[in-house]
Structure formats: C-alpha cells, structure tokens
Amino acid sequence: MNDANDRKHFYVCKEDDLADNEMVRIDPPDQPPVVVYKVGGNFFATDNTCTHGEASLAEGEVDDDFIIECPFHGGTFDIRTGEAVDFPCVLPLKSYPVTVEGGCVYVNLDEGKAPA
Amino acid sequence: MPTIKIEGTGEQFEQTESQDCILRAGLTAGYGLAYECNSGGCGTCKFQLIEGEIEEPWPTAPALSARDIKKGRKLACQCKAKTDLVIKMRTDPEYAPINLPARFEATLSSRRDVTSDIVEFCFQAPDSADAKFLPGQYAMLTFPDGRGPRAYSMSNLPNGDGVWEFWIRRKPGGEVSGALFDELRVGGRIVVDGPYGHAYLRAESERDILCIAGGSGISPMLSIARGVLMDPDMEGRQVHFYFGGRTPDDLCGLDELKVLPGFQERVHYHPAISMPEESPEWTGDTGFIHEIVENQLGNELSRFECYLAGPPPMVQATTKMLQLQGNVPTGQIHYDPFY
Ligand SMILES: Cc1cc2nc3c(=O)[nH]c(=O)nc-3n(C[C@H](O)[C@H](O)[C@H](O)COP(=O)(O)OP(=O)(O)OC[C@H]3O[C@@H](n4cnc5c(N)ncnc54)[C@H](O)[C@@H]3O)c2cc1C
Ligand code: FES
Ligand code: FES
C-alpha cells in the first residue's frame, strides 16, 4: 500500500482509525518520525520529536485548541503551524500538508516547513 | 520538614529548613528533577500539584503561560512545600546532578572591574572546602538578608582552594546585581548554592569546540575555554570563541584567554559588536553574533561541540541557526539562556 519512495503521498492510516484529539506516529524511512493528529475532524502533521528534548509528541496530549503538549516538560506547539507556544519549547517543529482521499490519510513529507 | 513524593516513580525527598524551593531540595537529594534556569524563565521544571500545600512567592513568573495557569501548572524552582506533597513531575537521569549541590555562606575575597559594567567577584568557601563543579555550570547567590537568589555562572575552574569566581554584569535597575556592585566589599558575605546547570564541558567529546557568548555570557564561556586548555585529555581540541557585545567597551576575556597554555595554537577569538553606529573607529565584525558565526562557519557547524550563553533572544536565535541552518544535532548544543 505504501511505496517507500512516495514521499509526497505517504500513507498514514484510514480516516476512521483516529478519533478526534487522537494522533498516530509514523516512521518514514530516512527521516525523523512524524506525528499525524486529528482535531475537529481535520488532520494535521508535524515532526514527532520535541525541539526541547528527545520526547515523542505522540505520547503527549492534543486538545481542541490545536495545541500538542509534550509529555516530558509540558511545553506546547500549535499543530497547524509547528510554532512553539509554551515554555520550555522555543524552537518550532516542521509541519507537513495532509490530505484525505477515499477515506485514506496521506502526508506530504517533501513539503515539511518550519514557520519563519 | 516536609516530604515531597513524585507520583509514580517511588522517588521522595525532604525539603530542609534552609532549602528555598522544591527543585533544589530534590536535586540536592540527588534526584534528576527536570530543570534548566532555576530562575522562573524556561519552564522546564513545571509540575502538577496532586496533594498538599505550597508557597508560591512568584505566581506570575514569565515561564508560566495563561494556559499553564489555567491547567494548574507550577514551577518547582519557584515553589516551596508548606506541607508534605505529592507532585507529578518529569525526572530523568540526564538531569541528576553529577556533583551534588551544596549551600554555604562564602566570603568575598576580591573584586576587580573587568569592563565598565562587568565585575569579577571571587568568593572563598568556608574551610577552603573544594569548589566542586564542572566548567560552564552556575550557582545561585542570595544575600544573607534574603535578597535573591539569582543564578550566576562560574568563570573559573573547579579547584581545591574553595574559590568560586563569577563575572557579573550590572543590570540597570537590577535588584541583586545592583546590590552586589554597590554593597558587597571584600570580607562581605553571600550564600552560595550550587553547582547547577547542564551546559557544562563535555570533556569526553572528540569534537572541536565552539563557544558563543553574548554580554555576560562571557563568564561560563571563559570557564569552558579554560577547562579545554587546562585538561591534558583535551589536548587535540581547537576552541573557536565568538563573543558579541554592543560596543568595543563590552568586549573582554581576551587577556584571560591569552595567558592559557596553547592559546596561540588552539584558541581563535572572534569579537563582534552589534551597535557599530556608536563606535566609528571599530574595524572588526559587526552584527548579531549568530549571523557572524553562520557566515564564517556555515557548513562546518555540525563538526563542533557547541556551548552558548547570554541573553535569551541571543541564545534562542543561535540555537535555531545551529539546528536549522547548521544541522547540528541537539545533543551537541549546550546552552544557558540568562533569564
Ligand atoms: C543559568 C543562568 C546563569 C546566569 N549567569 C550569569 C552570569 O554569569 N553573569 C551575569 O551577570 N548574569 C548571569 N545571569 C543573569 C542573572 O541571574 C540575573 O538575572 C541578572 O543579574 C539580573 O538580576 P537582578 O536582580 O540584578 O535584576 P532584576 O531585574 O531585579 O531581576 C531579574 C531576574 O531575577 C529573577 N526574578 C525577578 N523577580 C523575581 C521574583 N519576584 N521572584 C524570584 N525571582 C525573580 C528573574 O530570573 C529575573 O530575570 C544568569 C542567569 C541564568 C538563568
Ligand atoms: S522535551 Fe518536550 S518540553 Fe522538554
Ligand atoms: S528551571 Fe524553573 S523555570 Fe527554568
């Protein structure tokens, strides 16, 4: 189902595999892990490793307010942009475009962007 | 004496009479409570109070956002236990102190003007007890009458003579730095609590060293550079030392570096100023120090062990540059923002 080279159209999961305020970590080859979130019925994706320490954000908590809270020291990011919101996080995450096609969720790994 | 339990870890410790916060009580007991600045600025020491009562003298510390306050998050470096507590907080062996912090009253043995607003203060520990710390670490200083604490980084090396040396910049209108400058004379007393901090010299690393200091960030960078040149095990390492001030009057540290053995061959000192309009006679580099480092070392950056200290915006801009433009892995970047 997943062509390893298909970085622009990388399969994540079925649309219904995630409930709201849930997320899933993916480990694409040759790049650090990414986390895909579902909030308010929409999907978002960012790098999975916190910029403050070596924490996996997929083990944190995401809220209706589009904020992911890191499980280690409670720093937060905006999942829509990757922007760091609360201390101790200061450096942004990269965020990635996500599309839903025919009930399947895909992330474009080639278009990861950190906010300016 | 309140006992503090960390939920779900089996870790527990006491906060003694003389201890002024939960964080330093836990670190002094040897536990790896997460922290960086000890000063209410970074937010790494956030915790959730599950049971018991605390004293929170600075509930508006800058590290707490409106969201933290709404969720009941507190800072362990700014809260003291009033009763036994159960708290939820991250602990990790990487935060556990290598040298256990200690609290003692020290005597000012000398002071010397370095620039128009930086003074070197040397304190003597009682009975010349070993000054045990790692180059790059800091201590909390408090006046015996309770003013403080504030974090200050040691500029010297650990020693067996009990000497703790600090380069301190007077902050205009600053309470504690102002009092140190105006009131403390040789023979005066200060409470030292330390060492703390993770931006210490990694002597085991084979990489060359990049020190980047802004303003009073010179203090720990001097200690790092001294540590590299005085450690026979680090003989092969070169030190690239970048120091940014506002004007040439702020630049210092070169005299102290020059007297180190191997300075000529191993230290590359790059001063720069950010306000050239004030000093038309200056012919050296101008601009923000992180931009100068990027221009000069650009694609080489990932081969360095990087040490940074100075004002938070400078440390943040430099860390961002090292990670995003320089592709330096996080584990090679060691920083202390001076909140
Ligand atoms: C890790 C670290 C290392 C540092 N190393 C050095 C150094 O080597 N040399 C140097 O010159 N400076 C250093 N600093 C800065 C120093 O700690 C002080 O912030 C600075 O001297 C200004 O203190 P002040 O009392 O003069 O100014 P103020 O403006 O009176 O106080 C500033 C700081 O005090 C703390 N503070 C303010 N209000 C409160 C309150 N109500 N309760 C508790 N804390 C409060 C905050 O941290 C604030 O940033 C370091 C800071 C940190 C975090
Ligand atoms: S590791 Fe994420 S907040 Fe510290
Ligand atoms: S360690 Fe408490 S806010 Fe930085």
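Okay, let's start with one pair: Asp63(A) and Arg67(B) join their side chains in a salt bridge, 3.5 Å from N to O. By salt bridge I mean a side-chain nitrogen of Lys or Arg within 4 Å of a carboxyl oxygen of Asp or Glu. Across the interface of chain B and chain A, that rule gives 5 salt bridges.

A quick word on what we're looking at. This is a predicted model, so local features need pLDDT of at least 70 and side-chain atom pairs count only at pLDDT 80 or more, while totals for chains, interfaces and linings use all residues. Residues are numbered from 1 along each chain as its sequence is written, chains are lettered from A and ligands numbered from 1 in the order in which they are written, and side-chain values use heavy atoms, with hydrogens and water left out.

Back to the interface. There are 9 residue pairs in polar contact across it, both residues at pLDDT 80 or more. A polar contact here is a pair of N or O atoms within 3.5 Å; within protein, one must be able to donate a hydrogen and the other to accept it, and residues adjacent in sequence count only if both atoms are side-chain atoms. On the side of chain B that touches chain A, α2 (66-70) and α8 (312-324) each supply at least two residues. Helices (H or I, at least four residues) and strands (E, at least two) are DSSP runs, numbered from the N terminus. The largest share comes from α8(B), with 4 residues. By class, that side of chain B has 7 nonpolar, 8 polar and 8 charged residues. For the classes, Ala, Val, Leu, Ile, Met, Phe, Trp, Tyr, Cys and Pro are nonpolar, Asp, Glu, Lys and Arg are charged, and the others, Gly among them, are polar.

How much area do chain B and chain A bury between them? About 1,600 Å², with 47% of it on carbon and sulfur atoms. That's the accessible area (1.4 Å probe) that two parts lose on being put together, summed over both.

Now the ligand. The shell around ligand 1 has 22 residues, and the closest are Arg150(B), Ala151(B), Tyr152(B), Arg169(B) and Ser177(B); the cut-off is a heavy atom within 4 Å. Oxygen atoms of ligand 1 come up again and again: one is 2.7 Å from a backbone N or O atom of Arg169(B), one is 2.8 Å from a side-chain N or O atom of Lys171(B), and one is 3.1 Å from a polar backbone atom of Ser39(B). Taken alone, ligand 1 exposes 950 Å², and the protein buries 81% of that. Those accessible areas are Shrake-Rupley, again with a 1.4 Å probe. In chain B, β11 (150-153), β12 (163-169) and α3 (175-183) each give two or more residues to the shell, and β11(B) has the largest share with 4.

Over all chains, the salt-bridge count comes to 31. One of them is Arg7(A) with Asp110(A), at 2.8 Å, N to O. Arg7(A) sits in the segment before β1 (10-14) of chain A and Asp110(A) in the segment after β11 (104-107) of chain A, so this pair ties together parts 103 residues apart in sequence.

Most residues other than glycine have a negative phi, and most peptide bonds are trans. The bond from Gly148(B) to Pro149(B) is cis, omega near 0 degrees, and Pro149(B) is in the loop between β10 (138-142) and β11 of chain B. Gly194(B) and Pro195(B) are also joined by a cis bond, omega about 10 degrees, with Pro195(B) in strand β13 (residues 189-196) of chain B. And Asp30(A), not a glycine, has a positive phi of about 60 degrees.
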